[in-house]
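Subject: Structure for your review

Dear colleague,

Please find below the structure I am handing over to you. I would be grateful if you could look through it alongside the notes in this message.

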Amino acid sequence: MILVAISLSVLAGCTEPQAPDAPATLPGEDACGASRFQNLVGQPKSVLDGVTLPEGNRVIGPNQPVTMDFRPTRLNVEIGKDGRIARVGCY
């Protein structure tokens, strides 16, 4: 039992700590294709009327409640209080 505890503590020391301010990087981080829509950030919400977004997307208004389920293939477009697109991401 003690040998197992020692082995686990040695293995735990082998991982590199991640800086607390480092962005999380996940495999397939752009699984929803958000990189193609980054040019929308800062534009008024009305530009979305002329854009074809991927199926299953979510346009989130200011202070709008949303589910917290993580879906890396879902494109999320967040609208700021000023009516402009504030963020586009996969989550």
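The notes below describe the sheet and the pairing of its strands. Please bear in mind that this is a predicted model.

The sheet as a whole. Three strands make up an open sheet with mixed pairing, and their order is E1-E2-E3. Strand E1 (58-60) and strand E3 (85-90) lie at the edges with a single partner strand each, so one side of each has no neighbour in the sheet. On average, neighbouring strands of this sheet are turned by 15° against each other, direction ignored.

Four of its five residues are buried, which leaves E2 mostly covered.

Pairing of E1 with E2. These two strands run in the parallel sense and are joined over three bridges. Within this pair, Ile 60 is opposite Glu 78 of E2.

Pairing of E2 with E3. Ile 79 has Ile 85 in E3 as its bridge partner, while Glu 78 stands opposite Arg 87 in E3.

The hairpin. E2 and E3 form a hairpin with five residues between the strands, and in this hairpin Gly 83 adopts a positive phi near 80°.

With kind regards

Notes: Residues numbered from 1 in each chain as written. Predicted model: local features only at pLDDT ≥ 70, side-chain atom pairs only at ≥ 80, totals over all residues. Heavy atoms only, no water. Pairing = 2+ DSSP bridges. Axes fitted to C-alpha atoms, helices over the stretch in contact; angles between N-to-C directions. Buried < 20%, exposed > 50% of the residue type's maximum accessible area, 1.4 Å probe, protein only.
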